[in-house]
Amino acid sequence: MAGVDSEALEWARQAYARLKAQQEANRQQAPVSSPEPAPQQDPAQDSQPSEPAQAAEVPIGQPAASPGQGLSLLEQAAAQRAERQRQLLALAIEEPAPQVPPGGSSDPSDPGTWGATIAASGPVGAPGPAPQTLATGGDAEPQLGAFDADFTWSAEVLAAQGRRLDQVSLEEIDWLGRLRRGLEKTRRNFVTQLLTNLGDDPLTPEALDELETLLLRADVGVKATDQALGALRERLNVEVVDPSEGIRFLKDQLKELLEAPIRASGSALLAPQRDRLNVWLLVGVNGVGKTTTLGKLANLATRSGYSCLIAAADTFRAAAVEQVRVWGDRSGVTVVSNPSANADPAAVVFDAIGAAQSKGLDLVLVDTAGRLQTKHNLMEELAKVRRIVDRLAPEAAVESLLVLDASQGQNGLRQAMAFAKAAGLTGVVLTKLDGSARGGVALAVASEAGLPIRFIGAGEGIRDLRPFNSFEFVEALLDG
């Protein structure tokens with residue numbers, strides 16, 4: 001989103017003033033409400049029904065009635081996104097030329113336009129369900145900072161996804177600000193050169209050649225680059241395209257590349273299925289953050305109302321089991337492990353699935369040992385774990401999530417291709433975006449490996465993991 005117009009700036013000011021007033025009201029109320037046995041409502045939330053299990057997770061000032069009440073945060077997010085798309089499709093039928101949001105696609109049915117945010121907004125023009133947002137910024141609640149470029153950009157991204165002022169939460173503002181800062185290195189290397197090369201004149205074939213070089217340097221990948229620029233070249237052959245329109249068109253192409261594998265999976269937002277066992281395997285090489293990601297997923301699951309258990313199947317790395325136990329304690333999740341040295345990982349998984357089945361739990365998260373994609377014996381061990389899962393729980397919904405370090409660039413793509421064969425990958429978790437200059441690898445993984453990006457991490461806190469949103473990601477990547 002290049003620049004902020006006066007209308008968007010005023011909208012951001014109103015959002016900031018509202019959040020500031022709500023935060024101040026919370027501070028004044030906290031000493032009074034803390035000794036009370038029953039939960040107290042914020043004055044700014046008179047219309048909000050009490051939700052004892054998740055009162056700290058919903059945004060302040062949300063509308064009262066939510067048809068998804070009783071569902072988990074992730075389930076509500078998926079339902080709200082589907083409802084949003086139905087409303088937009090209906091609007092498109094009634095109005096041949098719907099208004100395009102700033103930076104959005106002209107296709108109202110495109111999920112990439114309005115995003116797969118966990119805080120999806122309600123139907124157009126109606127109070128609708130309130131967004132369910134997850135707090136971020138570590139174990140502590142985020143605090144409202146200055147009214148700066150990060151805030152105004154974050155507010156504009158939310159507005160472009162159809163959000164109302166009463167649907168903007170501090171948690172989302174905090175997350176988007178950190179996502180933007182996390183992609184700063186990639187953006188600085190890419191966007192600065194892009195704007196310099198494009199200038200103010202209409203796009204030319206030479207300018208597209210320069211753009212191709214920049215995309216490849218950002219680890220976007222050959223296939224994704226060819227797809228995005230191929231469409232732009234076709235358009236350039238039939239009409240004059242100015243730089244701003246070219247960037248907007250490029251954003252739409254990149255969002256579509258990221259959304260394609262998500263649509264192909266049949267699940268817009270990954271969440272455990274109700275009334276059946278779910279087993280999520282976390283795989284990847286050493287040092288990408290598998291155990292940390294597992295801990296954050298366990299926290300997300302428990303806050304979303306799922307019963308969860310962790311299988312500490314990384315029996316090769318020293319202190320791996322103890323690290324998993326620390327994460328389990330932080331979220332109140334039981335950890336199944338084998339204290340003996342060099343225990344069989346498949347045996348740990350065997351015990352964990354048996355325990356989950358006997359207790360009727362929703363989700364088993366399996367931490368696996370880090371392994372190189374070139375080590376065939378370790379990859380075979382991973383395949384053995386998967387066979388154990390399939391044999392013991394044939395009815396279970398199994399997800400194999402590859403944890404990728406964003407800083408590894410194209411090497412991450414090679415890992416994805418190799419692990420897909422042994423582990424039957426169903427998705428990717430992209431970590432360490434806050435310290436990488438190669439954020440474009442998400443596009444390479446989506447286009448060349450055909451894997452949906454399911455979660456992204458941009459921090460070390462237990463809540464610094466969010467469901468992937470292609471709209472927000474591309475806007476943060478190409479914010480000029």
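Tutor: Angles from 65 to 115 degrees count as roughly perpendicular, those under 35 as roughly parallel, those over 145 as roughly antiparallel, and the rest as oblique. In this predicted model, helix α9 (residues 243–265) packs with helix α16 (residues 470–477) at an angle of about 140 degrees. The two helices are therefore oblique to each other. Their axes lie 9 Å apart, and α9 passes α16 in a right-handed crossing. On the α9 side the contact is made by K251, L254, K255, L258 and E259, and on the α16 side by S470, F471, F473, V474 and E475.

Eight strands form an open sheet with mixed pairing, in the order β3-β2-β4-β1-β5-β6-β7-β8. At the edges stand β3 (334–336) and β8 (465–467), each with a single partner strand, so one side of each lacks a neighbour in the sheet. From one strand to the next, the twist averages 25 degrees. Strand β2 (residues 308–313) pairs with β3 in the parallel sense over three bridges, and I310 stands opposite V335 in β3. Helix α11 (residues 320–331) packs on the sheet, where it touches β2, β3 and β4 (363–368), and its direction makes about 170 degrees with that of β2. Helix α12 (residues 345–359) lies across β2, β3 and β4 and runs at about 165 degrees to β2.

A word on confidence: the mean pLDDT of the protein chain is 75, with 72% of its residues reaching 70 or more. Over residues 33–69, however, the pLDDT is below 50, and over residues 91–137 the pLDDT stays under 50.

Notes: Residues are numbered from 1 along each chain as its sequence is written. This is a predicted model: local features need pLDDT of at least 70, side-chain atom pairs count only at pLDDT 80 or more; totals for chains, interfaces and linings use all residues. Side-chain values use heavy atoms; hydrogens and water are left out. Axes are lines fitted to C-alpha atoms, for helices over the stretch in contact, and angles run from 0 to 180 degrees between N-to-C directions. Helices (H or I, at least four residues) and strands (E, at least two) are DSSP runs, numbered from the N terminus. A crossing is left-handed if the near helix is turned anticlockwise from the far one by less than a right angle, and right-handed if clockwise. Contact means heavy atoms within 4.5 Å. pLDDT is the predictor's confidence in each residue, from 0 to 100. Two strands pair if DSSP finds at least two bridges between them.
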